[in-house]
Amino acid sequence: MRMKNLRAILLLVKPRIPKPTRKAVSTLAGSLKDAFSVTRDADMLAALRAKIAGRRESEARKTLTPHSAARDQKAKADASRLTRMVSKIALDGLAWPEVFEGYLRTYRAGRKAMKACEHKPTAETFHEWRRPVKDLFFQSQVFQPLDGMTVRRRRADRLGDRLGTMNDLRLLHAEAKKNRDSALLKHVAKKQRALVPAIFKAAAKLYDERPRDIATALERCVKFQPAIVAQAVRQA
């Protein structure tokens with residue numbers, strides 16, 4: 001989750017970061033996220049299978065193996081490198097219009113992904129859509145209490161949760177297909193179909209604003225509410 005948060009914040013100042021640095025940061029952040037995603041996915045699938053079966057999944061006992069110990073050691077080293085790299089990014093002279101444009105890029109990316117899902121509503125397109133939605137959530141959280149950010153953060157969180165559930169079902173569907181579990185396949189497909197309207201209902205609320213209207217509201221906030229802007233800077 002922290003890697004996704006970092007990625008979202010850096011997107012706000014993307015033009016200020018040299019391409020080699022962006023690539024290095026992205027590689028390290030991706031490595032840290034992937035280091036634990038396999039365990040997370042396995043735990044999620046076990047819990048989801050248990051929920052569908054109507055039973056409680058007992059918590060798996062975590063055993064430290066040579067492989068997991070090496071993974072943890074590498075993750076700590078990568079985290080230290082990433083911290084040093086990010087701390088050296090120079091943002092001298094950064095102005096609010098640049099940051100807001102980064103926010104609007106994220107908003108537009110989410111809208112574009114929504115249209116892609118409307119045109120081709122597959123588990124894969126929904127999975128791709130989740131990234132700009134989560135980016136918008138983290139960015140809106142950073143910008144609180146600027147006008148509109150609290151509501152937008154809450155709506156992005158709701159949509160992100162529903163897209164996350166869709167992705168979990170996608171992984172479970174792949175596992176059921178691999179195991180030729182026809183009963184589970186039918187159950188998962190039914191849940192996926194039922195989730196689609198809820199996803200688009202949440203999306204309609206999140207993306208009901210025009211980007212230029214958001215830009216105007218943010219510019220007005222900077223101009224006429226400097227105390228609120230200063231508060232947002234401090235908490236960021």
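In the predicted model, the lining of the largest pocket draws at least two residues from each of four helices, namely H1 (2-11), H2 (19-53), H5 (123-143) and H6 (149-178). Of the contributing elements, H2 gives the most, supplying 13 residues to this lining. The pocket holds about 1,300 Å³ of space. Its lining comprises 37 residues, and those nearest the centre of the pocket are Met3, Lys4, Arg7, Lys33 and Arg131. By class, the lining of the largest pocket consists of 17 charged, 13 nonpolar and seven polar residues.

A further feature of the model is the packing of helix H4 (residues 96-119) with helix H8 (residues 211-224), whose axes come within 10 Å and cross at roughly 155 degrees. Because this angle is over 145 degrees, H4 is roughly antiparallel to H8. The crossing in which H4 passes H8 is right-handed.

On the H4 side, the contact is formed by Trp96, Phe100, Tyr103, Leu104, Tyr107, Arg108 and Arg111. These residues meet Pro211, Ile214, Ala215, Leu218, Glu219 and Val222 of H8. The contact between H4 and H8 contains ten nonpolar and three charged residues, with no polar residues.

How values were computed: Residues are numbered from 1 along each chain as its sequence is written. This is a predicted model: local features need pLDDT of at least 70, side-chain atom pairs count only at pLDDT 80 or more; totals for chains, interfaces and linings use all residues. Side-chain values use heavy atoms; hydrogens and water are left out. Axes are lines fitted to C-alpha atoms, for helices over the stretch in contact, and angles run from 0 to 180 degrees between N-to-C directions. Angles under 35 degrees count as roughly parallel, over 145 as roughly antiparallel, 65 to 115 as roughly perpendicular and the rest as oblique. A crossing is left-handed if the near helix is turned anticlockwise from the far one by less than a right angle, and right-handed if clockwise. Contact means heavy atoms within 4.5 Å. Ala, Val, Leu, Ile, Met, Phe, Trp, Tyr, Cys and Pro count as nonpolar, Asp, Glu, Lys and Arg as charged, and the others, Gly among them, as polar. On a 1 Å grid over the protein atoms alone, a cavity is a set of points where a 1.4 Å probe fits but cannot get out, and a pocket is an open set with protein on both sides within 12 Å along at least five of seven lines; lining residues have an atom within 4 Å of a point. Grid points are joined across faces, edges and corners, and a volume is the space filled by probe spheres set on the points.
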